[in-house]
Amino acid sequence: MTGIFVEKPDNVVAIAGKDVLFVAKVDSTNLPRKPVMKWMKGKWMDLGSKAGKHLQFKETYDRNTKIYTFEMKMVKVVPGDAGGYRCEVTAKDKCDSCTFEISVECKDAGEDEGELDFSALLKATKKKKKPVEEKEQIDVWELLKNAHPSEYEKIAFEYGITDLRGMLKRLKKMKAVEPKVSDAFLKRLESAYSVDKGKKITLSVELVDPNAEVKWLKNGQEIKPSAKYIMETNGNIRMLTINKCNLADDAAYECVVGTEKSFTEVFVKEPPVTITKLLDDYHVVVGERVEFEVEVSEEGAHVMWFKEDQELVRDDKAKYRFKKDGKRHWLIINEATLDDIAMYHVYTNGGHTKGELEVEEKELEVLQSIADLTVKSAEQAVFKCEVSDEKVTGKWFKDGVEVQPSDRVKISHIGRIHRLMIDDVKPEDAGDYTFVPDGYALSLSAKLNFLGERLNHDPPKIHLDVSGNMVSQNTIIVVAGNKLRLDVEITGEPAPTVVWTRGETPVTAVEGRIRVETRTGLSSFVIEGAEREDEGNYNITVTNPAGEDKANIFIKIVDVPDPPEKVKCTSVGEDCATVIWEPPAFDGGAPIKGYLMERKKKGSSRWTKLNFDVYEQTTYEAKRMIEGVLYEMRVFAVNGIGISQPSLNSKPFMPIAPTSEPTRLQVHDVTDTTCTLKWLAPEKIGAGGLDGYIVEFCKEGETEWKPANTDLIEKQSFVVRNLPTGEKMNFRVIAVNVAGRSPPALLGQPVTVREIMEYPKIRLPRELRTKYIKMVGEKINLVIPFQGKPRPVAKWLKDGEPVDVKKVGTCSTNVDTILFIRSAEREHSGKYTLVLQIENMEDKADIQIRVVEKPGPPIGVTVTDVWGFNAALEWKPPKDDGNCEITGYTIQKADKKTKEWFTVYEHNRRTNCTVSDLVMGNEYMFRVYSENLCGLSEEPCISKNTAFIPKTGLEIKAATYTEKDMSCSPKFTTPLVDRSVIAGYSTAISCAVRGFPKPKIIWMKNNMILGEDPKYLMMNNQGVLTLNIRKPGMFDGGKYSCRAVNTLGQDEVECKLEIRAVPVEKKD
C-alpha cells in the first residue's frame, strides 16, 4: 500500500529539561475524508489521553496544498520519555504509520557556568557515542497472568488493550503449572509468549546437565531442524528459534529432557488487515453478471461480505460465489435480479468499504424488423429480424399457428439475428408470418405473397424490394460498415439487359467492394463495408426489344454519432452534481435520440451507468453521490444506429454542499450610523468547511442587497457602518465555503437606525457595596460595569475632588470603567465616587476603600501588682492602629535566667491582664504585641519593671554522703574482631573500653601508630571506639591494634583485616 505521509518524524537525541517538537505531514488530495492521527508510545500506550502541560498536540490544514500538519511537543523532556514511539494516520479505508526513537541525555552540571570546562565537554562527547540501550518490551500476557483481577482494567487502560475479555478467555485456557524443583531444568520455559505475525521468536531453557539431549514438540509432534525452526546449544542453555511466525505457529510447545517436560504456549498476533482497493458501484440490468472486487493488504486474510446487515455465506443454491487470488477477493452474482438491489459491505479486522448495486429491468429493442416478401414458385423465401439481446429466443407463427421446422422450412438463431427460411415456395405458403420473442410482450409481422409464372411476353419491369431498408420512396439507409445487398427482381420477355450507374458513371465490376451480380430474373447491387463516400443516387436501367424500364435509388449511409464534446461539471451539491455538454459535431446521418451518462470514482476503473433510458437534454443532474469523494463523468450520444464512443472524461469534481444558514441572528447594538449584529455558526457545515461570512443590507421596500464587507469575516459579529440615520434597514448574513453561498439568515423585522436613549445606570458589584479593605502593597483593581446610551462619560472623585492621575489610574470602555492602583498605600484610603453622565442625566456610586497594615506596639507595659504566684499587668493602646480596629493583644513572659519567651494569652481584648502560675523564686519579664486585621505588630512593648516571686518558708537540708572512688585502669569490654572485605568498599572496626581517668586511645597498624591520615577516621563515643577505613586497597590489609593508656595502666586489643579483590564476571 502506498504511504500517505509527506513528512515523517525523525529520531531525536534530547537534552533533559529542553523542549522537543515532532512534525508529521499528510497529503489529503486522494483521501476520501479528513485523516485522524494517533501518537503512541511503544505498542499500546495512546498519548492522546495524556495531553496536558507536558504533552501538547496541534493540527493545522493548508487549503491550497491540501496538506494536514500534525505536531507533538514535549515540554521539558525527562529521562522517562526515552523509548520507541509510533504515529498512525487513518482516513476511512486507508492507513499508514511510522516509528521514531527518543534518546534522553542528562544535562551536564557545568553547562550553564560562565567558563568552559573542556574535560566536561569531552565527557559529554563520549556519552553521545555510547549506544542507547533499548528498553525491555513488557509482555502484557505475563502482566495479566500475574496481576490481581482488580487490576485488569488498570493494565488494559495503561497499555491500550481493546480486547480485554478475549485475552482473559485465552489466559483461562492456559494450563497453570505449579512451580516445583526440577532435576533437569534450572530455568523452565515461560508460561506464554506472544509475537507479531511475520516476526521471529526464541524459546530458551537452562538445563542442569550441559550434556543432556532435548526434544522440542509442537502440539505433541516432534519438531525437526529446518530453516523455519533453528535449534541452538550454548553451554547448558537450549534455544528454539521460530522464523517468520504465522498463524499456524500459534500452538502449544514442549521441551522434553528425559522424562521431564517444560510447557509453554505461543500466541501469534495478526496485524490489522487494511483495504487497499475499494469497492465500486454497479449499475446493471436483470440477468447480467456482477463481480464485486476488493484488494487487501495481506494474502490469505479473512474477509467478510455483507448485504446490508446480513452476512453472505456459501449456500447450496450458489446464489453468491466467492473467489480469492492472493490479496484480491471477489463476490460474484451470476444473474442479477431486482432482489439483489442493496448496499454491499466488505469488512476486515482493520478496514471497511462498501459498494452499491443497482439493477433495472431490461428492455428488448428491435434493430431490424421482418419485411413483406413476394416470391415466385420454387424460389426461396427468407424472413429475417434482429433484436438487441442475443440470448433472447422466440417462435415463428403463420396465420396464428406455430411454424415447425421441416426439410423445406428451416428456423435459425445466430447471435441477435433470427431467420425463417422456406425453400421451394408453394402457393399454400402465402400468408401472414409473425415472430414472437420469449418473455416479452412484442411481436413482428410480415406477409408472404406468392407470384405465379407469366406466360405472356412482357416489356421489362423492375420490381424493387429492399426488405425494410426503404424509409421513403426510392431511398435506402445503410449503416456504415455493414453490407448492402440490393436484390432487384427483373421481369420481361425476352430477358432484359441490366445496367447500373452512379451519376454518369456505370458500375460494371463483378468483383470487389462495390459490384453487380446478375442471374436470371435477378440483379443484385452489392456494397461490402459501406462507407460515407458511398452515399449518392444510383440508377438501374433494364431494356429488351419490348421496351425499357428505369429506377432511381438513393443510398444513404448512416453511422453512430461522434462523441459529445466539452463535458464539464457546472455546480455541485451535498450528494449531487450538475453536468453539461455539447452535442456531437456529426450526428451520424440520423437524428440524435439522446444521451447515456456514466460516472466513476477518481482512481477507479469501474464505470457506473446513470441511466438506461435515453436522456434527451444536454444538462443532467447526477444524484446519490458521496460528499467529499472525487468523481469523473463521461457521456455517450445515441441515434437510430447505435451508441457513440464515450466522450473525454470530465475534470474531477467533488460533491460538496454549501452550509446551512447561520443561526440566531440578532441586533446587538444600534447608533445613529451603525448597527452591530451577532449570530451563531450554521448547524450543518459539511465536508466543504466554512470560509467566512458576508453581511448584506438594504432599505425597507427595496430588493437590491448591498454587501457590508468586501472580505470574508471569520468572527460571528460585525458592525455595519455609514448607515443613513432614521432609515429602516433589513440585514442578512450568508455563510460561504468552497461550494458557494448558504441560504441567508434574515432578521425578523427591519431595524431603525437611530441611537436609543438609555439612562445611565451603575451596576456596582456586591463586594463593593461595603468597605473595600486591602493591605499595604497589594494591588487594587476595581471593574465597575454600567449601561447607558449614548456612551456615558465616567468620572472618578476621591473625597469630593478629582483623583490624582499620578497616584490612581482609571480607564473606561463602552460598558465598564476601571480604577487601578499598582501598590496600595495608607494615603489611598478614602471615599471614592463614580459619576456617570449622559448629557444632563447622571448616576453616582460611592466606594469606601481602606488600606490597612500591621499596628504599632502597645505603650507603657507595667507590672502593677505581684501576689503569691500571680502578677498584674497594664498598658495603653498603640499610637498607630494600622488604619483599622485593634482586635486584641498577645502577652508573653520570660524568666530572667533563661530569657526564653512563652505565650500566656492570645487575642486578649482588654488593656490589662493577670499572669498566673509563676514559679516561686524566679524573676519575670513581660512583653505585649498588639493585633489587628493584618496580624501582630512587628515589635512588642517590653514591661518597664519585673515581677519577682519570693520563696517563703522553705529550707534545704543537704544530705551527707561519701564520694566513691571510681578510679580504675583501662579494660577492653569488647575486643576487635577479624574482618574480610572487598577492595574499594569502605569498612569499620570497633571495640569498647572503660577506665578512669579517661584513657588515651592509640590506633596502630602492624604496630605502627596511625597519624592524621585522612584515609582513617577515629571516633570515641562514650567508650565505644571505631576506626573507619575509606575505600581500602589491597595494601591496607594487615594487623590492626587499639591501645588505651591512663595513669593507672594500659590495655590493648588487636585483629586481622583481609582485603579481597573485586570478582570479575565472565562474558558469554
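**Exercise 1.** Leaving aside its neighbours within four places in sequence, with which residues is F5 in contact?

*Solution.* Residues are numbered from 1 along each chain as its sequence is written, and side-chain values use heavy atoms, with hydrogens and water left out. This is a predicted model, in which local features need pLDDT of at least 70 and side-chain atom pairs count only at pLDDT 80 or more, while totals for chains, interfaces and linings use all residues.

Step 1. Apply the contact rule, heavy atoms within 4.5 Å. F5 is then in contact with A24, K25, V26, M37, C87, V89, D96, S97 and C98, its neighbours within four places in sequence being left aside.

Step 2. A nonpolar core is a set of buried Ala, Val, Leu, Ile, Met, Phe, Trp, Tyr and Cys residues joined through side-chain atoms within 4.5 Å; buried means under 20% relative accessible area, exposed over 50% and partly exposed in between, with a 1.4 Å probe and protein chains only. The largest such core has 24 residues, and F5, V26, M37, W39 and M72 have the most contacts inside it.

Step 3. Apart from it lies another core, of 23 residues, including V273, V290, Y320 and L357.

**Exercise 2.** Describe the aromatic pairs Y61–Y68 and W875–Y889.

*Solution.* Step 1. State the rule: rings of Phe, Tyr and Trp (its six-membered ring) pair if their centres lie within 6.5 Å; planes under 30 degrees apart count as stacked, over 60 as edge-to-face and the rest as tilted. The count by this rule is 16 aromatic pairs.

Step 1. Y61 and Y68 lie 4.3 Å centre to centre with 35° between the planes, a tilted pair. Y61 is partly exposed at 38% relative accessible area, whereas Y68 is buried at 11%.

Step 2. W875 and Y889 are edge-to-face, with 5.5 Å between centres and 65° between planes. W875 belongs to strand β72 (residues 870–876) and Y889 to strand β73 (residues 888–895), so the pair ties together parts that are 14 residues apart in sequence. W875 is buried, at 4%, and Y889 is buried, at 3%.

**Exercise 3.** Which charged ends sit over the ring of W607?

*Solution.* Step 1. The criterion is NZ of Lys or CZ of Arg within 6 Å of the ring centre and within 35 degrees of the ring normal.

Step 1. The charged end of K600 sits over the ring, 5.4 Å from the centre. The charged end of R634 also sits over the W607 ring, 4.1 Å from its centre.

**Exercise 4.** Describe the surroundings of N552.

*Solution.* Step 1. N552 is in strand β46 (residues 547–558) and is partly exposed, with a relative accessible area of 33%.

Step 1. Beyond its neighbours within four places in sequence, N552 is in contact with N474, N537, Y538 and N539.

Step 2. The side chains of N552 and N539 make a polar contact (2.5 Å). Such a contact is a pair of N or O atoms within 3.5 Å; within protein, one must be able to donate a hydrogen and the other to accept it, and residues adjacent in sequence count only if both atoms are side-chain atoms.

Conventions. Helices (H or I, at least four residues) and strands (E, at least two) are DSSP runs, numbered from the N terminus.
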